[in-house]
Every structure is written in structure tokens, then in C-alpha cells.
Amino acid sequence: MGVLYCLMSMGINFIYGIMKVINWSMGEFFMIGAFVQYLLLTSFLGSRLWFVGVVLSAVAVFILGALVQKVLIKPMFVGIIDAKMEYATIVTISLAIFLRNIAVVIGGPYIYTPKDYAEPTQIFTLPMSGNRLVAFIGALVLLAGFYYFIKKTWTGKAFQGVAQNRTGIQTAGVNVLKYDMLAFGIGTALAGAAGALLAPIFLVHPQCGMVPTVRGFEIIVIAGLGSIPGILVAGLALGLVESLGSAFISPSYVDIYGFILLVAILSFKPYGLFGKTERTV
Amino acid sequence: MTETKAQPILDVHDVVKRFGGLKANDGVSMQLDTGEIRGLIGPNGSGKTTLINQVTGIYDVTKGSIHYFDRQINGLRPDVIASLGIMRTFQVARVFRDMTVLENMLIPALAQGQRRGKATSRAKELLDFALLTRLMDKPAKSLSGGQNMLLQIVRGFMINGLKLYVMDEPFAGVHQSIKGIIIKSIKMMNKDKNVTFLIVSHEMATVSSLCSKVTVLAKGQRIAEGSMKTVANNPEVIDAYLGGAKKDVHVEG
Amino acid sequence: MKRSHLQYFGIAALLLVLVVLPRMISDYWVYVITIAYFYTVMAASWNLLGGYTGQFSLAHHTFAMFGAYGSSLLMVKAGFPFWLSIPAVIVLTMLVSAVLGILCLRVQGLYLALITWAFAEVCRNYVRLHYAFTGGDRGMDTPLIFGTLKPLPYYYLFLGIAIFCIVLIALVMKSRVGFYLRSIRDDPIAARSMGVNIVRYKIVAFMLASGIAGMAGAFYGHSIGLISPIMGDFNEMAMIIIFVVIGGMRTQPGPIVGALSVRYLMELLREYAEVRIVILSAIVILVMRFYNGGLMQLWGQVRRRFGGGSDGPVSAYETKSS
């Protein structure tokens, strides 16, 4: 399960790396992805073609994300806004509330259940829901794809450049504003894809983005902002801690195990396991 | 009978600073005597700002040590260092933008425990000297860059017992008239209160007239030290600035 | 000075109105306004932390929930009387916030937001799940301070609490601590280099604000008779931010004006529960994008237009030189 949450963390971290902004509404893009997926499946795709739906949902969320970035976030970087962190935090939190409640207004406070993606199967001797397996593989595919994109393609390297030295890369002729928008779109698309993948597990309803977001953020804090492989490690650690805690102590406190892990790590490493202390002056 | 030299106010000993793979300071040593006005010059990227950041507590050294009189200060928090009588200004003026000019002045005084009434009159005096009085109640963000640099500088003078003042590029991009006030204030504090100054700057003429001695950094190392005239004719220094094109350059004065 | 005399007179008049108000309106509205006072306290205390000090805590509502549940649990399970359980829970809240603060205030502000957010969710779920102890989703019946559900005494109680908190916060912001907090928001590195111990004051602000939230929550719990985990819902936190932003961050009257006016608006739109939040969050986005100072900025502009007053400093905290 930890791996699934990594998709969220990846998106958040990516956006942060490029724009130094934490997008609090990631959970809502997750939710939108889930809704779009559901609509696609029930209207004309049918449940067999669910993986097509995932891709389409991701694209839809990408477009929405890019739009949001253009209208709301970009002004931060073209000199209009004064207190940037404050602005970003409040605006993205408000956006989250806005999207969540608009979903309730449009779709009603109901829970939608998409059809299973796959039959329940068995891994060795443990019964496992087919959905989880599929989602797990899907998440790995997406994460691997994303990793490849960042490390190997030219665009990916451009993103790395923007994250490392924003002013420097402008002198190399890169239009950072365009990359900002792309980054936001990609980050939200990752969340949307996660939402689409996880739709049969978490079910589709306006609040469905909340739990993944909490986990996503916990992973980021544990890993430390700015480290991509760290996220995988943290995701696995979190998943592990949660499963162990649920198995040996009690499943009802599942949230708390993750949080305790977080607290424990922060006490010794305030920046997270792999977090980079930023050069401030 | 050997005469022992007075203890230096600042003793930077073999300081190395690494950021991941980058070595910003590679074994830099220098000593400041009390009452000096020292220039710290060198081409871009030579490690000047990094060095003074370690002196003022923004970073700790990777290796080496920094002593203030006989107290080791590397690794101390910036606010602790400030309480010892060390102030600094930043290359890009850091003022409290949403607070008024007067309130900006009060911060270091209040942090030191001064009484507000006294601090306020002292602040007004300094603002008067700096010709900033008419801007006193305006938020700092409405000031120009040069005015903010000046504000930064006189703000540091509010501390009681100011002994060492480190300035990072105080003259960069600053209007001539403001530059004049800055120079005047440095000379005054140095003469009246024996404040030691360490000034990073690229403005050779100003450094030359203000600083009795300069230290030159290049590529993270100290390559020369001495009066401006000596240093300017040092071939290594010329090399560092011109990057290999050897020319005969003489500096007047 | 003329202006400050006018201000004091205005405040006195306002207080007078508020004191006699209950006689002129229905019981239901008295109740509504009482709750609005609660939110005023929450908004003002968050403004201290998030507005003035620049530390975004997303668990402010959680501390209120903590105060409410804590005080009632101490009374019901441990037999504490009111005058003991409420201070006890305030102290506990401050301790918890101190621990949280030490964990995450050592580094940049982003981490505080992330961790308080996670903390808020964890706490809410804990209250929901642990139904044997807390009553879970069904809620918990709480002992009432005045032993009755009539709104009148609670109105004055909360009016008093609101006044107390507002005055307390105003005094803090006028003191040198207020200077430190504002400098922390404006430029923590410069503040440090000027000698301000920013970690200490961040924690102080966090403890103070959270303690006030805990206190407000405790009284709230004992005033409405039934508390539930909804207090810890993220919507509650969002509302607090909405009040502060719409009213005007970093001003004294801002959170008050914001809380009261928005609560009024919310009450009018009572039937449209989600729609009103949609509208409000959209307004917040617009305010942040185009009109940063909120209602207080509007007020300042109106005053300048009509009063022809001096082009005073933007911060409502100006230290007037004369």
C-alpha cells in the first residue's frame, strides 16, 4: 500500500521541487481523477478498458491542473504577489475546500462504486484483492515511467535543472514559466492517475482524496522534501509500519502508527531521512 | 623583551566549507585586529559570502575554526552571535518589509533587552543621520533598494556594544548619495566607537579609500593580503580577476 | 490624540451594543452570535500564529477539540470540577503544542503545516474510532457550565472570553514579543542575525495560540452539551482561515470582523451547506489573489476617502513616532 501512496508523494514533491510550493489540493485532484475514471467507465468505456480510463483521467486532470496553475499560481512568479509562501498555502488549501465541496454540490454526497478491475487472486498463500494487485503494479509502472522521464529524457532533465537552479537555467534559455505549468499539470496528473487506479479500493466520493493525501504528506515529511528515491523508501517504511501495527497491535489505530513513525524520525532528523537543508542565504 | 600583539578580534583559522561536492572555502585563514576596516575582495564565486556566513552563524564550518577574541564562535546560532556584538548586512538587503522603518530599527535593540523609549530616541537619531527620517513610519517595502541597504546598515548600529560589523556588498547598486552616507557612518563608528569592519565589496575605489588592508579570495582560497596598492599589483590577484589574460595593470593610490 | 479618542469611544459604544443585544433579538440569534464569538477567538488566536508570526498551524481546530473533549473527559471520568478541568486542559494543550512545536519549528514553516495537518487528521480519527472512550461519531454529552441550555449566560460568557482573548493578543502584539513575532514572519534570517531567538518565539507563539484554542474549545464543550469529532474536521480549520483572510490578516480587528461577518453570512445561507463553503472558499481565493488585505483593507480605503486622514502605515501595528 505504501507504494500506492508514493504516487501522491511524488506528485507533491515534484511540484515542490519546481516551484517550492506545496499543493494542498493534491487530494482533490486524486478525487477528480477517481470521479473522471468512474464516469468514463460507466458511460462508454466499460470496465474492461479500465486502464484506458486511467490514462484518460490522468490527462483530464493534467489539463485541469495546468489551468489552475496558470490562473492561480503563476502570478506568484511574475511579481504580483508579495508573501509567496503564505499565498500559496492559503490559495491551495482554499482550492482544496472549494473542489471538495463543489464535488458534493455536483455529485451529491454519495459513494460510487466502480467495478473491480481484476478478480481476487492469491499471492503465495495470502489472498489478495485483485484491485490492490493491479493498482500496485499500475503504481509501479507509473513511478518507473516517471523516474525514467525525469532522469533520461531531455524534458525531464530540464525539470531537474529548474528544481536545482531556477535563475541559472533561465540563462540557458529555458522558459521556466512554461515548465512550472507543465510540472503542476504532471504532478496533479499523477494524483489523478492514483485516484483512477485506486477507485475500486477507496471508492469514489468527495472525501476520497483525504486519506491518500495524509499518507502522501507523511511520506514526504519522513523522506524529506526534495528527494525522489527517499520517497520510495519512506513509502515502503510507512506501508510496513502500518501493516505491522495493524497486524500486531490493532487495526483501528492505523493512522497513529504512521504518525508515530513520523514523529520518531523527525526527532532525530528534523529535515526527514533524506531531506536537504536548503541553502538559504 | 618580546611585545605580545593584542588579541585579534576575529581569527579565522584554516576554514574549509563544503556543500556536497562543492568546496566553497578551501583552507582560508585571516585575522582582524580590533579597530580595523578590512576589505574582503575577490572575483565572483570565490567564497567571500560563504566565509562571512560562517562567521555570522548562518552555516557551520566543515573544517577549521573561527574565534572571536578567545571565544570559538563557529557553529553558534546567529542570534547568539549577534548578542556577542557582531552584526551583519546582507548582499540583498534583508529588511522587515511589512514593518515600518522605525520598527526595523528597534528589532536588534529590543532583542538585546534595551528599553523601548531609549531605543526609539536612539533610532531616531540614527535615522536622522541617515537622512531617512521622513520615511520613519513607512513600511520598509516601500523603500528603494538603496534605502533598504542603508536601513540595514544603520539598523545594525542600534546594538549596544557593537564590536564587529560584517557587511556583504554594501555599495552594490546603491545611489551615490546613499553610498556617501554609508561611508560616512562606517568611518564615524570606526573612529568614535572603535568598531571593526569587514567589508565584502567589488567597488575597488571605495575599498581602497576605506580599508587599510584587504584580503583577496579566489576559488575558495586566500591568495593575497595587504594594502590595496600591494594587492592590486600582485600578479596572482590580477590573474584571478582577469582569468589568465596577463596584463600590466597598476592601480593608483 | 483625536483619533485614538474616537477609537476608544467607538469600541465602548460597540461593547455597549453587544451587551444589550440579547434583549433585542431572538434566542436563536443569541445562540448564533455566541458561537460566532467562539470563532472570533479561534480566528484571532490563529491570526497571532499564522498571520503575525507566519507559522501556519493546520491543527488549530484540533486543539479546540482537544480542549473540549479533554475537559469533559476529565470531569466525567476523573471527577474533576470545572474550575480544575478547564485550566488543566489548557496546560495540557500547551504541553502538547510545545512538543509538536519543538519537533517541527526548528526548520522551515512548510514542515509545521504538514505535520499539524497530519496531526489533525490523526487526532480526529482517534476520537472517532475510540468510541468506548470518547463516544466516537455519535458524540459525547458534556456537563454544562450553567446547568441549563438557555443561551443567555453563555452569550455573556463567550463575550467575556472573546474580549479577554482579544485584549491579551493585542497586548502581546504591542509588546516586544509582538515585534519579534512580526520580524519572524517578515524575514526569519534577518531576525536571527539581529539577535532574535526565532525558535523560542515560534514555540511561544504556537503554545499561546494553541492554548487559547484549547481554552475556547473547553468552554465551547461545556456550553453546547454535545461534542463530536466534527470539531476536528478540516472544514473547521478552513473556516478559521477563511475568517482571518476575509477579515484581513495581520490586523487586530480583521479576524473579529471576518469571523462575525462570515458567520452571519453562513447563517443566512444555512440551507445551502456545501454551496456556502464553495462560495466562501472562492471568495478567499479571490481575496488572496486580488485584494490581499481583506475587509480591513477596504475599511482603510473607505476611511482615507472620507476622513482624508494621513496616509498611514499599512501595518495596523504601527509604532507611531509621535
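Helices (H or I, at least four residues) and strands (E, at least two) are DSSP runs, numbered from the N terminus. The views show a predicted model, in which local features need pLDDT of at least 70, side-chain atom pairs count only at pLDDT 80 or more, and totals for chains, interfaces and linings use all residues. Residues are numbered from 1 along each chain as its sequence is written, while chains are lettered from A and ligands numbered from 1 in the order in which they are written.

**View 1. Glu169(B) lies in the loop between strand S7 (164–168) and helix H6 (176–193) of chain B.** The phi angle of Glu169(B) is near 50°, a positive value in a residue other than glycine. Most residues other than glycine have a negative phi. Glu169(B) is buried, with 20 other C-beta atoms within 10 Å; the class buried requires 20 or more such atoms within 10 Å of the residue's own, exposed 12 or fewer, and partly exposed a count in between, with C-beta atoms placed from the backbone.

**View 2. Phe69(B) occupies the loop between strand S4 (63–68) and strand S5 (71–72) of chain B.** Phi of Phe69(B) is near 50°, which is a positive value in a residue other than glycine. Phe69(B) is partly exposed because 15 other C-beta atoms lie within 10 Å.

**View 3. Helix H6 (residues 154–164) and helix H8 (residues 176–202) of chain A pack at an angle of about 105°, with their axes 11 Å apart.** Axes are lines fitted to C-alpha atoms, for helices over the stretch in contact, and angles run from 0 to 180 degrees between N-to-C directions. H6(A) and H8(A) are therefore roughly perpendicular to each other, a class that covers 65 to 115 degrees, against under 35 for roughly parallel, over 145 for roughly antiparallel and the rest for oblique. Ala158(A), Phe159(A) and Val162(A) of H6(A) make the contact with Val176(A), Tyr179(A) and Ala183(A) of H8(A); two residues are in contact if their C-beta atoms, placed from the backbone, lie within 7 Å.

**View 4. In the interface of chain C with chain A, 34 residues of chain C are in contact with 35 residues of chain A.** Helices H4 (82–104), H5 (109–129), H11 (234–247) and H13 (273–290) of chain C are the elements that give two or more residues to the side of chain C that touches chain A. H5(C) gives the most to this side, with 14 residues.
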